[in-house]
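I opened my notebook for this chain today.

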Amino acid sequence: MQKSPVTRPLVLLSGAFLFCLWLLAPPLEAADADYLSPDLRARVEKLKVDVDYLPTDDLNLEERARILWDWANAYAMSGGTLPVNLTQAVGAVFAYADTPRLAGAVDAFIFEMTLLDESPDAIGTLAADTGPFEARSFVTIHQTYTVGSRPIQPGGGFLVARHFMPNYGVWQTRDPSADNYISIESSNPTVGFAVDSAPMAGMHGGFRGQLPALVYRLATGTLVPGDRVTITYGDTRRGSRGFLMADFSSDRMPLPLYLAFNAEEPFLTLPIQPIVVTGREFAGLHGFAPSVVRPGEPFTLSVRGQDIYLNRARNGHPPVVVRNGETVLARLPASDSAISLVELTLDDPGAYHLTLATRDDSVQGAVNPILVSADHPDRIYWGDTHGHSGFAEGIGTPERFMTWARDDARLDFVTHSEHDIWMDDAEWEVLRDNVSRFTEEGAFIAYLGYEWTVRNLQGGHHNVLYRTPQGRNRIPVQFYPTLSRLYQGLREAADTDDVVVIPHAHQAGDYRQSDPELEPLVEIASMHGNFEWFGRMYLNHGHRVGFVAASDNHLSQPGYSAPINGSLAQRGGLGAILAPEKTTDAIFDGMRALKAYATTGDRIILDLSVNGFGMGSRAPFAPDRVVSGRVIGSAPIESVTVFRNDEPIWSRDYLTDTARPVSESEKLLLSFSSDSRPYHPGDNPRGWRHWRGTLTVRNGTLDEIRGMDFHNSLFQYVERDEDAPNRVRFSTLTRGDTSSMKLVLSGARRSTSLVLELEDTEETGGAPPLYRPPQQAPGGRVELELAGLTQGRLERDVPATDYVDRVVLRRLISEGEKDVVFEVEDSSPMQGDYYFVRIRQVDDALAWSSPVWVGGFPPR
């Protein structure tokens, strides 16, 4: 709290006198245990005195923020828990011009760090029921705080924060018989609490803006050292079913609490407790296998039993049969563990799509496609270069992140690319240690990295990967707040051969800038959506880059997980690297050589060459070119599109039935699509376009309908109307991609039509745009008549503010192809042309190759 002018000189005299006494005091034995070096201790003590006398302003903000940064990192390295958002506030000081807000934040953090430094017992202790609790079940959790050495006065109390990511229940204090009732009580019978609220921003509030958070204010009495206060989430004593837990498993589900000693001081961080959430009962199967194996070569198939939310099933899996067509390859016994490994061999060359099933076939699953080939030049290694944990604004521990990548997602490589704005030195050392602990050459490769995190005005988000962890330090946004400074810092800190930088579109990287020796790849798909335009903009600006995708998962679940609410609304992306072997150097060299491609999460096998030169290559100039490739999909291939430079030059539709008139029985695919590119150049992408309303079949019978990519239970559903079986309510969303529903009709004729009544919806998600705020997508009526299916296809434009979205109806052939080969002849007199392909599957999964150049020369 700011002192009055009358008291400031006295405070300065007192503080300066104590500071001088500290400097002149002889060393104490306890000084050996000080977590601060002598020089830093002197700077910190002076900072305390200075702030006590004069609040932070624009003249001293950067100097104080730098001391606070060094102090906080030293405290973290000693094992201390830092105040939430401290490192972010320091970063904002050097990146953004918002002095009044940041000066107040710096002073608040100095106050909190001073308390931790001088009175470590003052804050007290927190303990919780840690479970395990079952996902998406009603639970009761107690968090009990024991008062430390400093009493809590009336007006102080507890802020019950809500992490912005989990989809657990919204607690309430009004009705003790209703769901999610929360209560507070104390061992001290003389105290009483009043329900209040306080604004909270950041990861434990509105994230990008303030939202009201529940506060229990101490109304009567004083909490003294040793008193206990218990907050009960899901108090069932008066009829509530409990607190509805989130639907994803975790080893550290956050229920954040903050403490204030009185009404005048800020709320202080209490450590988040390690609440464990497990999966539900067995409901599904999924298999992971290498994408390329040699004939007769043994390989490991991982069979994963999972619940309806893709968590590991808490009760393992029943007996499982592995088949190739009708041939049984293996029988796995029941297991209490959700994951079982079996060694297989496949002798004959070709593409395989193995299936999984319980003995009674009641639960079935699939394995990613496998290519058995003696002459395929490279292996395909799958990895996730972009994912988060609770070290930033995500959830879970770094150990959970790594074990999920290795065991649950069966990735070949991974990078735990934590946001540098939320990371301290101790956390960086944990990431470094994990790389060494989890890497096993030939089996699983971890790369040290982080996400350089700044708004697109300063260059946008970029993931930074190091070849090896030894001696590598991050070049953080706190002191390298523009893209040119990041490039410079990385060049000074490491050999360019040992660094890979990957920009992404969510908080859009500045595609006008790219260091050709540091930045070989661009991320074009993630849980935030699909951003093909982003990679194309880099290419349009003359940069030699390849395409990769990553999850950007924030739940410590890289490589394989269900979407969560908000902006992370689809399954995560996945990157493929072509390399001769699964080693640290081989995969990293593949990234730097652009031998990569991107998918929206499915392990689609993709080959592309131009005049015999593969992805990332530069073929010698020739005016005549042959673009050839092969796609082995995880589902039937919908289309292959070949691009030269920024224009499609060839496309083939493998699924639309163009050869017959309307028949009595029809299989149809109804698709919705929207563009994600920003309306204004340099802005962040357009948000999610929501499609919601009713679909009615007229002059025919709707026998079946299902969503093809409906993985997000909040935003994607199809519900039949019991009173009108030809009508369904539906909801889905798109962002740079397509979302489809498959329909089966009987009694169809030329007069049969599908009538869509679309509701008005608001664009959601995404990083804050600079110029165009999220807009309303107007609803309306769209009628699609089967008589209009000329060439088996009917399109309707659906205008939206600044954009034209699209609805497409197609007649499907009965069975699609999962393995297609294509060859396109092209001719161009131009040096430096580049070619890439886009693959689309019937289930709306996508894949993009990296380009192949012809002639010309690369940027230097």
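My entries below cover a strand with its partners, then a serine and a glycine.

I note at the start that the model is predicted.

**Strand E29**

I looked up E29, residues 449-452. Is each face covered or open? I found both faces covered. Gly-449 and Glu-451 are buried on one side. Tyr-450 and Trp-452 are buried on the other.

Next I checked the pairing. Strand E27, residues 418-419, runs parallel to E29, and two bridges join them. His-419 has Glu-451 as its bridge partner in E29. Strand E30, residues 462-466, pairs with E29 in the antiparallel sense over four bridges. There I found Val-464 of E30 opposite Tyr-450.

**Ser-340**

I located Ser-340 in strand E20, residues 339-344. Its relative accessible area is 11%. The cut-off for buried is under 20%, so I logged Ser-340 as buried. Which side chain does the side chain of Ser-340 meet in a polar contact? I found His-317, at 2.6 Å. Beyond its neighbours within four places in sequence, Ser-340 is in contact with residues including Leu-301, Ser-302 and Val-303.

**Gly-305**

I placed Gly-305 in strand E17, residues 299-306. Gly-305 is buried, at 0% relative accessible area. Leaving out residues up to four places away in sequence, I listed what Gly-305 touches; among them are Phe-282, Arg-312, His-317 and Ala-338.

Technical notes: Residues are numbered from 1 along each chain as its sequence is written. This is a predicted model: local features need pLDDT of at least 70, side-chain atom pairs count only at pLDDT 80 or more; totals for chains, interfaces and linings use all residues. Side-chain values use heavy atoms; hydrogens and water are left out. Buried means under 20% relative accessible area, exposed over 50%, partly exposed in between (1.4 Å probe, protein chains only). Two strands pair if DSSP finds at least two bridges between them. A polar contact is a pair of N or O atoms within 3.5 Å; within protein, one must be able to donate a hydrogen and the other to accept it, and residues adjacent in sequence count only if both atoms are side-chain atoms. Contact means heavy atoms within 4.5 Å.
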